[in-house]
Amino acid sequence: MPFDLVTNRHDLLIDGKCIPAASGRYFDTIDPATERVIASVAEADAEDVDAAVRSARAAFDGDWGRLRPSERGALLLKLADLIRRDQDELVNLESLDSGKPVSAIRRQDLPAVLDTLSYYAGLADKINGQVIPTRADALTYTVREPLGVVGAIVPWNFPLMIGMWKIAPALACGCTVVLKPAEITPLTALKIGELALEAGFPPGVLNVVPGFGKTAGVALVEHPDVDKVTFTGSPAVGRQILRGAAGNLKRVTLELGGKSANIIFPDADIEAAVKAAAAGIFFNSGQVCSAGSRILVHDSIYDEVVERLAARAQAIRVGDPRDPATGMGPLVSDVQMKRVLGYIDIGVGEGASIVTGGGRRSETGYFVSPTVFAGVEHDMRISQEEIFGPVAAVIRFKDDEDALSIANGTVYSLAAGVWSRDMARVHRFARRLKAGTVWVNTFGPTDIRLPWGGARDSGFGREHGDAAIENFTEAKSVWINTGS
Ligand code: NAD
């Protein structure tokens, strides 16, 4: 049955069935472009999370655990086929729920979801152990075993894509999953859960429990039968998750925030650098963990870059996310809009100057104009704290050491960019920038084959590539006494 927005009511997905929450409660999800309620969604709490974990455990111990790895891969490919079939519906749902422009979802999120599925489908039967020679009288080897039940907690900025970054490798490895989407954007996760059932994943392998962080999220993190929590979200919640996971010593992966520096030297291709810098901060309305929210510009080209960046900001077509020509949609929620507007006030109060933008765009919808701040000092709050909105802080630097010290001078270490034609300099910066990813003469691309993650307040652990296989499996050593 097609996922029916018209019914406007969506239940939890537990043990292969759509069921209301035990409490009977529903919560509204809102279109941030119109502020209208688009659907009401069953609100999971601890009792529902417990049912989902029990189902995931039974699936892990049952049918799912008996499948061949290649069969798991085939199911992931089948899921990709169904996503392709229903892509229009998924794109619309994601846009309605999050305010993302449909053009961006089609260009970026959807292809990334499909790529992630096919990549991990291919890896499912290549998760090898090793034969490790130890002694003449023994055969000693390792096998990589799935960890068990995974709690996946996802933010609202890329619900489909970040959800799949967790689901696909976990399932490829043979784990089962309880997915808690962000309460602001639960719709595509439920649709993916239904498609997984249609693809033939056994009931309980992928459960979806929309709900709030303080109830459903905490229950999942603290559940004694969850083996691993993979979390993407804010550093504050990341810290709570670490504490909550201590009870049964769950493994934890944390992908958290950022305040990434994008450093532009005078010897760079300035036009390309400014174009990428604008995309780096305004894409997805700046709601990107690796947004290039600090643009560090050499003194000699500072005024020129500020001017060009402002022109690019003004040229962005902000508006209806369903219009294919729209370049930037609203922020995801009223709370997020107020937070961003609050930071704009803070920046003005700190003495930075607004070159363009700086306010709400319309009475209805959570639209904020692309904003460029010049005259930003390194120690200002708008330079140190993650705003998670379309607000660029342009900071002046005088030389290489100055640029490095500013770039490395926040609590985050997620990503950084450097623009220069001097190869010695770019290698030096690639080495010395404190970041999980360094982009050179580009800004922002990610690929499922390349490890992704940060350090310090940006979290720990790596997603993507082989690294994700290690996140969801553990080596077992086998020692067979063969006699000599
Ligand atoms: P958030 O931390 O508020 O929420 C993320 C998820 O955690 C949601 O599903 C929420 O319901 C849940 N949650 C909230 N409190 C919880 C608790 N106590 N226990 C368990 N779960 C809880 O983050 P957000 O506002 O949705 O997302 C924005 C943040 O995510 C930003 O800081 C951003 O930088 C970060 N982010 C990081 C990456 C990355 O790859 N590093 C990617 C995207 C977003």
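**The ligand site**

By class, the shell around the ligand holds 17 nonpolar, eight polar and four charged residues. The model is predicted. Of the 29 residues around the ligand, five come nearest: Val 154, Glu 183, Ser 234, Leu 256 and Glu 386.

**Where the shell comes from**

Domain 1 (9-256) and domain 2 (261-447) each give at least three residues to the shell around the ligand. The space that the ligand takes is the largest pocket. Helix H8 makes the largest contribution, with four residues.

Trp 156 and Lys 180 each use a side-chain atom. Gly 233 uses a backbone atom.

| Residue | Protein atom | Ligand atom | Distance |
|---|---|---|---|
| Trp 156 | polar side-chain atom | oxygen | 2.9 Å |
| Lys 180 | side-chain N or O atom | oxygen | 2.9 Å |
| Gly 233 | polar backbone atom | oxygen | 3.2 Å |

The protein also covers much of the ligand surface. On its own, the ligand has 850 Å² of accessible area, and the protein covers 90% of that area.

**In short**

The ligand takes the space of the largest pocket. Its shell draws on both domain 1 and domain 2. Nonpolar residues number 17 in that shell, and the side chain of Lys 180 places an N or O atom 2.9 Å from a ligand oxygen.

Terms used:
Residues are numbered from 1 along each chain as its sequence is written. This is a predicted model: local features need pLDDT of at least 70, side-chain atom pairs count only at pLDDT 80 or more; totals for chains, interfaces and linings use all residues. Side-chain values use heavy atoms; hydrogens and water are left out. A residue is near a molecule or strand if one of its heavy atoms lies within 4 Å of it. A polar contact is a pair of N or O atoms within 3.5 Å; within protein, one must be able to donate a hydrogen and the other to accept it, and residues adjacent in sequence count only if both atoms are side-chain atoms. Accessible areas come from the Shrake-Rupley method with a 1.4 Å probe; for residues, only the protein chains shown count as cover. On a 1 Å grid over the protein atoms alone, a cavity is a set of points where a 1.4 Å probe fits but cannot get out, and a pocket is an open set with protein on both sides within 12 Å along at least five of seven lines; lining residues have an atom within 4 Å of a point. A molecule sits in a cavity or pocket if more than half of its atoms lie within 2 Å of its grid points. Helices (H or I, at least four residues) and strands (E, at least two) are DSSP runs, numbered from the N terminus. Ala, Val, Leu, Ile, Met, Phe, Trp, Tyr, Cys and Pro count as nonpolar, Asp, Glu, Lys and Arg as charged, and the others, Gly among them, as polar. Domain bounds come from an automatic or database domain assignment.
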